[in-house]
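Please take a moment with the sequence and the model before reading on. The paragraphs below are meant to be followed with both in view.

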There are 2 protein chains.
Amino acid sequence: MSKGSNEQHVNPKSDIEISQEADMRPIVEVAEEKLGLSSDDLIPYGHYKAKVSLDYLETIKDKPDGTLVLVTAITPTPAGEGKTTTTVGLGDALNHIGKKAMICVREPSLGPCFGMKGGAAGGGYAQVVPMEDINLHFTGDFHAIGAANNLLAAMIDNHIYWGNSLDIDSRRVSWRRGIDMNDRALRNIVTSLGGAANGFPREAGFDIVVASEVMAIFCLATDLADLQRRLGNIQVAQTRDKTPVTAKELSAPGAMAALLRDALAPNLVQTLENNPAFVHGGPFANIAHGCNSVIATKAALKMADYVVTEAGFGADLGAEKFLDIKCRKAGISPDCVVIVATIRALKMHGGVAKDDLKAENVDAVEKGFANLKKHVENMRSYGVPVLVSVNRFSGDSEGEMTKLQELCKSIDVECELSDHWANGGPGAANVAEAVVRICDEGKAEFKTLYPDDMPLWDKIQKVAKDIYGAADVTADKSVMNRIKELEDQGFGHFPICVAKTQYSFSTNPDAKGAPTGHTIPVREIRLSAGAEFIVVICGDIMTMPGLPRVPAANNIKLDEQGHITGLF
Amino acid sequence: MSKGSNEQHVNPKSDIEISQEADMRPIVEVAEEKLGLSSDDLIPYGHYKAKVSLDYLETIKDKPDGTLVLVTAITPTPAGEGKTTTTVGLGDALNHIGKKAMICVREPSLGPCFGMKGGAAGGGYAQVVPMEDINLHFTGDFHAIGAANNLLAAMIDNHIYWGNSLDIDSRRVSWRRGIDMNDRALRNIVTSLGGAANGFPREAGFDIVVASEVMAIFCLATDLADLQRRLGNIQVAQTRDKTPVTAKELSAPGAMAALLRDALAPNLVQTLENNPAFVHGGPFANIAHGCNSVIATKAALKMADYVVTEAGFGADLGAEKFLDIKCRKAGISPDCVVIVATIRALKMHGGVAKDDLKAENVDAVEKGFANLKKHVENMRSYGVPVLVSVNRFSGDSEGEMTKLQELCKSIDVECELSDHWANGGPGAANVAEAVVRICDEGKAEFKTLYPDDMPLWDKIQKVAKDIYGAADVTADKSVMNRIKELEDQGFGHFPICVAKTQYSFSTNPDAKGAPTGHTIPVREIRLSAGAEFIVVICGDIMTMPGLPRVPAANNIKLDEQGHITGLF
């Protein structure tokens, strides 16, 4: 996310200006020159976007994997960290130093574009392009996911309407509709009003498409058959006697998979420096796992020597899920984890208010370092080497930088300063060299945090205590009963997916730094039977955003040449 | 629509089998060889679909127009007429006899694909391909239209939420949300439940996307600027003192136009015989005008010597609106109107039950001819030459055919038998020759049925009496008041768009043939201020279909090769 990045330098060009000045090459040329693909391997969407065909991916599935680099971050603050820009910049830097590298990032959601100004395709001189397309409909993946989600919803109500032979309890339909729009009015609705011809009235609601379980499934499926299988396992409701009802019982997964078939091929675009980038899938990082698609990442590993990808939020949520869900399920693992930090964000973790960030404050850097240190330790517990990459801002002082490097040295972690936002790939060449060196050492011995067969409650405790630094986990009886029920139903071997605030290791968003001794209260347990994880809800989770008082949409227009203005 | 066409011959291949065996050529080659376009003029969506760029269309806007042929039909019956197949077949036939011809048809809606089995891309050997793509997401146009529709909806509720400075009366929000899905549960809903954070609860609902005014606007806009202007004129609600509130007052049209920008370029595909076809836009033919986009039709007229296009439903609704709305607004007019009929449908209009259609019944053909005759007279009243094209079925008898040709001769209209369903373009060569002959005669002197400045009530009477054969039109006081109100507000110069049953000239769907002396009751008047027509509702109009007891979706699957089965 580029929000806030514009503050890095005095009078910079805006992200959209930079992207519009990009010297884009036809994507067919990028694919051919950088990846050796022929135009037959591509499904073009315009001249600068293409899907790489699933048929082609089938032909390369036995090739050895390249090196995988995960970019994650310290606990996010309003000061911004620049995780996506680092991912893009590091990818460009690896190419700059002569490596064959690709990046894999998430597709942005359409809805938020009309809320707060700002896109999600990197920023500064570390962007993927064409930026406008990527932020608007792109290749239609999210519309397809929404359609699949809503076909299932329509089939549930249609089943009830025509006699309800499965005995679905209309009070216990958990499947919600989806739309890629920020629309708070749709959070809680009553449907099927207006008489018998419209069905049985019931409470319902819409989530934004990125929060749909279909999105999570789409991003974890390994191929079309696996996609269809997972869709069938979705639990959508309960019967009157509380037996789960699945999408398969409604005969929905085939049609849903048909709607998703074309979308499942990964989207190829390019960076500002004409390097290949997959932008594919984008699940929420709270109720889902927050990573781009398994298909894109695995494909990139076959197509490039180095693959740089990112995980959502801070490392406690995003990287934990990347490692314990995506890597576990996809059989991949990173050779190096890059943790992104900024001096300004560290100062906020050290207790400095946002308005005071410009003043030098070495002590605050030292105090805030606790946050970075905990993330480093966490990542090391997975057996993977760690590198810290510091996104440079013009206001950062020499003293602060020196202090941070000293602190990193004290815990034996390399710390590189990165200038990709201002200078693109060359600005991150040092980071790329360090990454290559670390990967070449081959020290990664990846292990998940917990085994599949650990009981669910123990998995929750493990993540809470080891990763969040919590002293305890609490849950009321209904939560414990639900956990037992899921284990009895055979879902105990699923990994967990914790939904909590991204702004703290704890469940209190104001607890900056590295709080310890706190308690994680589990409010609710949800099964994502198709995505194959157990969602552990530890806070208020918003699955349908609203628009702000003055939406960005108000200022978006087409000018006389048909160009979009005001989008970013 | 191909539904029913499979009954035409013994043991035919299914539409999907024929389409999957199609020898498709890359769309870039079709565009280059048949239309002289370079690949830069195209925006590819895969290898067999492309949009023709608006920039290219700008370069050809001063070229002279080709010849325009409208395909319409007698009043539809369950026996089927084959209007789309005739449009495709005639286009292929014109190419077959050496003319440079294109066709322009509507995009099918996604939702109905999961209800009744069957697509909407022609049938038999008169299809546009790739059929699966066209029937599923195609180039994403309908998703874009849905998103634009729903952004406006979100902005309405968001405006109310944040203080409602426009004083919108939440009971009088007429703008509905849209989704491309058959989902009866969404027809009538209550939104914004669940507390203050979710807004002010109100009654609302969803229409299928093809019923959205955004769809009608999309299909009538002449360029991006006109699109943005029309979107701004949409009336979405009333204030407490009943003043209309427009999309422009909500600052929505710019963002809506941005969402629609890429979609507005027309979609180029090919027929089974590799001839170019525009498939673009698809508004309802009851509450909207039921024709493909003005942009596609006007572009085709610049790119080809003959352009064959179709209008929805029978000629009383579809052709009337094509002529009085689309042609009036776009400044185009047909050189020839082809009215499609079948012996079987004429027999149904002559009183034969569906199960008895196989038996020869010359008298019923003669009796049912009244319907065809009225449509011929109607079309002639617009000053355009008419040709009757009879879609051949294997069960049609020589006696029935001869009778029909005699009857046509008696009213001095040429009648050609067409075999395009079984034989493609060559099967309709005689129709093509006749069309060319008629067009070459240059006898068309197109005039609209009524002038812009005729009062709205007189326009309604004119259409009802002249086109429908009605003796009278009735309306209660509220309808008459609404008409006066619209005229007072300056909308009296808009054409009217009548929404009534397509199954009869009257408002009684069981009144086959050519009923006269009936009364048309006007129930309601709606303003489509952006589409720039007045909707005159004369019956129950369904704007959100439901799924049947056993939806087609139940049988759709991906096979082991990832191919879709069960879609058609």
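This is a predicted model: local features need pLDDT of at least 70, side-chain atom pairs count only at pLDDT 80 or more; totals for chains, interfaces and linings use all residues.

Of the 568 residues in chain A, 66% are buried. Among the contacts between residues at least 6 apart in sequence, 75% join residues at least 24 apart.

How can the packing of helices be put into words? Two packed helices are described by the angle between their axes and by the distance between those axes.

Helix H9 of chain A, residues 253-260, can be followed through its packing with helix H8 of chain A, residues 224-233, where the two axes come within 9 Å and cross at roughly 135 degrees. Angles over 145 degrees would count as roughly antiparallel and those from 65 to 115 as roughly perpendicular, and H8(A) and H9(A) are therefore oblique to each other. The crossing in which H8(A) passes H9(A) is right-handed. On the side of H8(A) the contact is made by A:Leu227, A:Gln228, A:Leu231 and A:Gly232, while H9(A) contributes A:Pro253, A:Gly254, A:Met256, A:Ala257 and A:Leu260. Sorted by class, the residues of this contact are six nonpolar and three polar, with no charged residues.

H9(A) also packs with helix H6 of chain A, residues 141-161, and here the axes come within 8 Å and cross at roughly 165 degrees. H6(A) and H9(A) are therefore roughly antiparallel to each other, and H6(A) passes H9(A) in a right-handed crossing. The residues that make the contact are A:Ala144, A:Ile145, A:Ala147, A:Ala148, A:Leu151 and A:Leu152 of H6(A), together with A:Ala255, A:Met256, A:Leu259 and A:Leu260 of H9(A). By class, the contact of H6(A) with H9(A) has 10 nonpolar residues, no polar ones and no charged ones.

A:Phe369 belongs to helix H13 of chain A, residues 362-380, and with a relative accessible area of 4% it is buried. Apart from neighbours within four places in sequence, A:Phe369 is in contact with A:Leu346, A:Leu404, A:Leu407, A:Cys408 and A:Ile411. Between A:Phe369 and A:Ala345, which are 24 residues apart in sequence, the C-alpha to C-alpha distance is 9.7 Å.

A:Thr239 is part of a strand, S12 of chain A, which spans residues 235-239. Its relative accessibility is 9%, so A:Thr239 counts as buried. Not counting residues up to four places away in sequence, A:Thr239 touches A:Leu166, A:Asp167, A:Ile168, A:Asp169 and A:Val245.

In chain B, the helix to look at is H10, residues 294-303, which is largely enclosed by the rest of the structure because nine of its 10 residues are buried. Among the buried residues of H10(B) are B:Val294, B:Ile295, B:Thr297, B:Leu301, B:Lys302 and B:Met303.

How values were computed:
Residues are numbered from 1 along each chain as its sequence is written. Chains are lettered from A and ligands numbered from 1 in the order in which they are written. Side-chain values use heavy atoms; hydrogens and water are left out. Axes are lines fitted to C-alpha atoms, for helices over the stretch in contact, and angles run from 0 to 180 degrees between N-to-C directions. Helices (H or I, at least four residues) and strands (E, at least two) are DSSP runs, numbered from the N terminus. Angles under 35 degrees count as roughly parallel, over 145 as roughly antiparallel, 65 to 115 as roughly perpendicular and the rest as oblique. A crossing is left-handed if the near helix is turned anticlockwise from the far one by less than a right angle, and right-handed if clockwise. Contact means heavy atoms within 4.5 Å. Ala, Val, Leu, Ile, Met, Phe, Trp, Tyr, Cys and Pro count as nonpolar, Asp, Glu, Lys and Arg as charged, and the others, Gly among them, as polar. Buried means under 20% relative accessible area, exposed over 50%, partly exposed in between (1.4 Å probe, protein chains only).
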